Amino acid sequence: VLVIKLAAVCMSSFAWWSFGWSFAYGGSVGSDGFKEYFVGSDQLFARGFLRGTFLGQQEPTTRIQEWFFTWTFCAAAASIVSGGLAERAHLVGFCIHTVMMCCVTYPVVVASTWGKGWFAKESQNPGFTDFAGAGIVHVTGGFAALAGSLMVGPRPYRWENLGPMARIVSSFTDSFGPSSAPLLLLGTFLTWLGWIGFTCGSTHSMNTAENGFQAAQAAVNTVLAASAGGISAPLLRCMIITRLETAAFCGGIRAGLVAITAAAVNVESGYAVVIGLIGALLYQLVSMLLKLMKVDDPVDAFAIHGIVGIWGILSAVLFDYGRGSDAFHGMLGFKCLGFEQGLQQNGQCTGDLGMRPFLMNLSFAAIIGLWSFQISLIFFALLRLPGLIPSCRDKLKKDLLLVELPAIGGKAEPSVDTEYHYPLKAYIGEGASDWGKLGPFRNPYLYNI
């Protein structure tokens with residue numbers, strides 16, 4: 001699991017540098033301020049990030065800092081997918097999918113929205129609202145994780161001899177639950193800290209007082225939404241299994257963070273609490289529903305990022321600063337639509353928008369979810385073809401498990417300590433004693449992506 005997380009970061013950086021950035025943010029912009037083509041292709045491999053001067057000097061552009069910040073979002077989307085495949089994803093197959101996601105799936109979403117592409121153009125006035133990526137990052141990653149979970153299938157013995165109610169409570173009460181509460185808490189705190197950087201940094205600058213206040217508002221809303229999620233999720237869980245759980249606290253915090261991501265600068269702090277609370281409840285309900293359907297999502301990647309991400313997009317409209325249909329703020333933050341565009345008349349913001357902002361965000365979420373799910377489902381299905389998987393198994397055997405195989409007919413002796421494969425039977429089959437007898441190629445783990 002840890003290796004896959006690191007692989008997601010490493011592969012995403014090369015993919016974003018080579019093709020992803022150019023597809024997402026490259027290309028010429030027309031006189032209307034939107035892309036002239038579906039995706040860009042003029043900045044492949046960071047071309048144009050530096051400009052040569054007539055004196056032979058190199059002059060940097062703002063694309064350098066923009067590349068780094070946008071890469072972190074790309075890496076986050078790719079990392080979400082690894083959560084849905086945890087404990088049974090094949091490393092090389094996952095890396096191939098990561099490259100595809102960071103070169104195609106995610107850049108196309110960004111190009112259409114933040115990159116001033118076709119959806120940004122079609123939805124203008126009022127436009128879509130996704131300040132820091134609840135839809136563009138988290139819905140994309142969450143639905144890709146669902147596709148991966150479905151194609152890889154559950155971990156061996158995951159649902160064995162478990163009825164519907166037992167499946168609901170099984171995630172934190174059996175050997176398939178979190179293996180280290182301290183590490184879970186540490187990861188949650190680090191995520192929370194980094195999330196503040198995501199939301200505050202999405203102002204993209206601090207050169208004006210308004211941007212500074214927007215960053216401050218984003219920080220306040222982020223903390224409050226996460227805190228509300230961290231309180232509500234374990235309470236709901238306690239009503240079901242009559243005890244508090246550390247994992248539910250951590251999951252609720254993550255759900256609150258995802259929920260507020262789209263609306264960090266255009267809702268009041270009281271509404272941020274409501275958004276985080278509802279997001280955490282949705283996470284718990286969807287998590288239980290997936291378990292009833294025998295979908296094995298070890299870290300609730302789809303529930304937290306996919307479903308709560310959609311809620312975050314919709315809540316950015318439902319709780320906007322504006323007064324009903326008379327005003328709308330959206331991505332503008334403190335300013336209302338119309339004021340920013342010079343359309344304000346007689347001191348009034350652009351009004352009579354009706355349901356248009358909500359419908360724009362609803363269609364925005366639906367398009368992203370369907371695109372990410374279908375592309376990932378097709379690609380994971382291709383990875384299961386007989387001609388593509390065997391070489392991946394060989395790579396895993398030689399480089400990761402470090403299995404030393406004698407001549408044909410010899411016995412496989414792994415050099416890894418199988419005691420730390422957790423839960424043991426999910427990796428080895430009937431138990432640790434079967435490893436030497438069956439060999440690594442009879443291990444069900446190796447027959448998945």
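**Figure 1. Burial and overall make-up of the chain.** Of the 449 residues in the chain, 51% are buried, where buried means under 20% relative accessible area, exposed over 50% and partly exposed in between, with a 1.4 Å probe and protein chains only. This is a predicted model, in which local features need pLDDT of at least 70 and side-chain atom pairs count only at pLDDT 80 or more, while totals for chains, interfaces and linings use all residues. Residues are numbered from 1 along each chain as its sequence is written, and side-chain values use heavy atoms, with hydrogens and water left out.

**Figure 2. The packing of helices α2 and α7.** Helix α2 (residues 63-84) packs against helix α7 (residues 181-201) at an angle of about 130 degrees, and their axes are 11 Å apart. Axes are lines fitted to C-alpha atoms, for helices over the stretch in contact, and angles run from 0 to 180 degrees between N-to-C directions. The two helices are therefore oblique to each other; angles under 35 degrees count as roughly parallel, over 145 as roughly antiparallel, 65 to 115 as roughly perpendicular and the rest as oblique. On the α2 side, F69, T72, F73 and A76 meet G197, F198 and G201 of α7, a contact being heavy atoms within 4.5 Å. Sorted by class, this contact has four nonpolar, three polar and no charged residues. Nonpolar covers Ala, Val, Leu, Ile, Met, Phe, Trp, Tyr, Cys and Pro, charged covers Asp, Glu, Lys and Arg, and the others, Gly among them, are polar.

**Figure 3. The packing of helices α7 and α9.** Between α7 and helix α9 (residues 246-260) the angle is about 15 degrees, with the axes 10 Å apart. The pair is therefore roughly parallel. From α7, L184, L185, T188, T191, W192 and W195 meet T246, A247, C250, I253, L257 and V258 of α9. By class, nine nonpolar, three polar and no charged residues take part in this contact.

**Figure 4. The surroundings of V317.** V317 belongs to helix α11 (residues 301-318). This residue counts as buried because its relative accessibility is 13%. Leaving aside neighbours within four places in sequence, V317 is in contact with F328, P357, F358 and N361. V317 and G330 stand 13 residues apart in sequence, and their C-alpha atoms are 7.1 Å apart in space.

Note on methods: Helix = DSSP H or I, 4+ residues; strand = E, 2+ residues; numbered from the N terminus.
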